[in-house]
Amino acid sequence: MPEVAEKPQEITADAIAEEFGTPFFLYDAQVLTETLCKLKDVLPPGIDILYSLKANPNITICSLLNRAGAGAEVSSVAELKTALRAGVAPSDIIFLGPGKTLSDLTACIDAGIHAVVCESLHEMRLLEQAAAARKAGPIPVLLRINPAFHSKGSGLAMGGKPRQFGIDEEQVRDARPLLEELPHIDVRGFHAYMGTRFLNHQDVVSNTAQILSMAENLAADLGIDLFTVDFGGGLGIAYFDNEEDLDIAMLGKELAEPVAAFRARHPDCRLIMELGRYLTARAGTYVTRALYVKESMGENFVVADGGTNHHMAAVGIGSFVKRNFPVRHLGRPDAPADRVYTVTGPLCTPNDTVVKRALLPEVCPGDLLGIERSGAYGPTASPGLFLSHGYPAEVVVHQGRAVLVRDRDTPEDLLARQHLADFDSAVQ
């Protein structure tokens, strides 16, 4: 009779906190990989998913997603090196960003990535210069387009209006003479990213269809063959009350027709969807420990050991109204949520409010609170050096085992990069 594998024992937040201290970001490897696999299952065949490292550049997160079938979209040399060390093949990496330096472009050339996404005509000239100096080429390029059309349903629009991102669609149509002057560059397609946090699948379908049509028209105007079209993504997740998660089954179903029609005309064209928040947010929890519970003028405050210095996204940047991320009492998850608390961090600013007037079970000093859906835009989008608290630990739970994937900053770490100038010993 074959042996039955034991189910991994669930590890508690208390046990992780005991081992690694607080605060910390906790990532669930199973949720991370299942999110990607479920999406791949419903999307039309042949759409490649690239993970946007800006959402969470931890090398283990990148590695887990790569093993599950994702490539990488990077925007700095550090992110490029992270993706490569995580095991992502250069042929599955693109590099984008509006402010690339000559050293950035040279790193792309040396790595041999799938494409550099050029966001201005001047950048194309700089890439030509870099490729000529390296005696390399032709370098595969995607032109990032700022489309003439507008998107709807985005939490943050990235195209269709004046932006620092990409090249205006009409400017690209007139760029054919320039391309003929750049022998070390091979424009192989286009990239467009219309926005982020789309929660209505119909908006994503509409954007995708318009981007594919635009790419065909631009390719004809420039006289190039289409080998790659990156139609962005920007799939959202529900953070707040009265929001619902994206219906990915309907997304896949309704994307099938425009994708199939495009593929019939361009069977060799690689189609790319890039995703960051959607892949990682649900897998992460920010765990912070209550230090003090106090009352001020009728309002109950929990002062915790971590706050917006680690999780600025929870403040609601970009929203006119502060809304809470889902929050849970990790020590009493099933107890009645019959108390109202505002949860703050250790910073000397009234803006350090992570959760405002949320219903929770009774909180006592020492209790652990978990800010959920926190796997994206955590430490790297937060002022971790404010008050010199430093950045938190990061932990991944995989098959019942907690693994430290980023050390907590220590005072020694923060001071190691500073230099005390000895002005008294200066040469007279």
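**Reading local features**

Mentor: Gln399 lies in the loop between β19 (393–398) and β20 (401–406). Please keep in mind that this is a predicted model.

Trainee: Which residues does a cis peptide bond join?

Mentor: The cis bond joins Thr22 and Pro23, with omega at about -5°. Pro23 is placed in the loop between α1 (13–20) and β1 (24–28).

Trainee: How is a pair of aromatic rings described?

Mentor: One gives the distance of the centres and the angle of the planes. In this structure, a search of the whole model finds five aromatic pairs. One of them is formed by Phe25 and Tyr27, which are stacked, with 6.4 Å centre to centre and 20° between the planes.

Trainee: Are Phe25 and Tyr27 buried or exposed?

Mentor: Phe25 counts as buried at 0% relative accessibility, and Tyr27 counts as buried at 3%. The cut-off for buried is under 20%. Ring pairs also link Phe25 and Tyr27 with Tyr286 into a cluster.

Trainee: Why is the pair of Tyr239 and Phe325 called stacked?

Mentor: Their planes stand at 25°, with the ring centres 4.4 Å apart, so the pair is stacked; the cut-off for stacked is under 30 degrees. Tyr239 lies in the loop between β11 (228–233) and α10 (248–265), while Phe325 lies in the loop between β14 (299–304) and β15 (327–329), so the pair ties together parts that are 86 residues apart in sequence. Tyr239 is buried, with a relative accessible area of 6%, and Phe325 is buried, with 5%.

Trainee: Which rings have the charged end of an arginine over them?

Mentor: The ring of Phe227 has the charged end of Arg188 over it, 4.0 Å from the ring centre. Over the ring of Tyr278 sits the charged end of Arg282, 4.7 Å from the centre of that ring.

Methods
Residues numbered from 1 in each chain as written. Predicted model: local features only at pLDDT ≥ 70, side-chain atom pairs only at ≥ 80, totals over all residues. Heavy atoms only, no water. Phe/Tyr/Trp six-rings, centres within 6.5 Å; stacked < 30°, edge-to-face > 60°. Buried < 20%, exposed > 50% of the residue type's maximum accessible area, 1.4 Å probe, protein only. Helix = DSSP H or I, 4+ residues; strand = E, 2+ residues; numbered from the N terminus. Lys NZ or Arg CZ within 6 Å of the ring centre and 35° of its normal.
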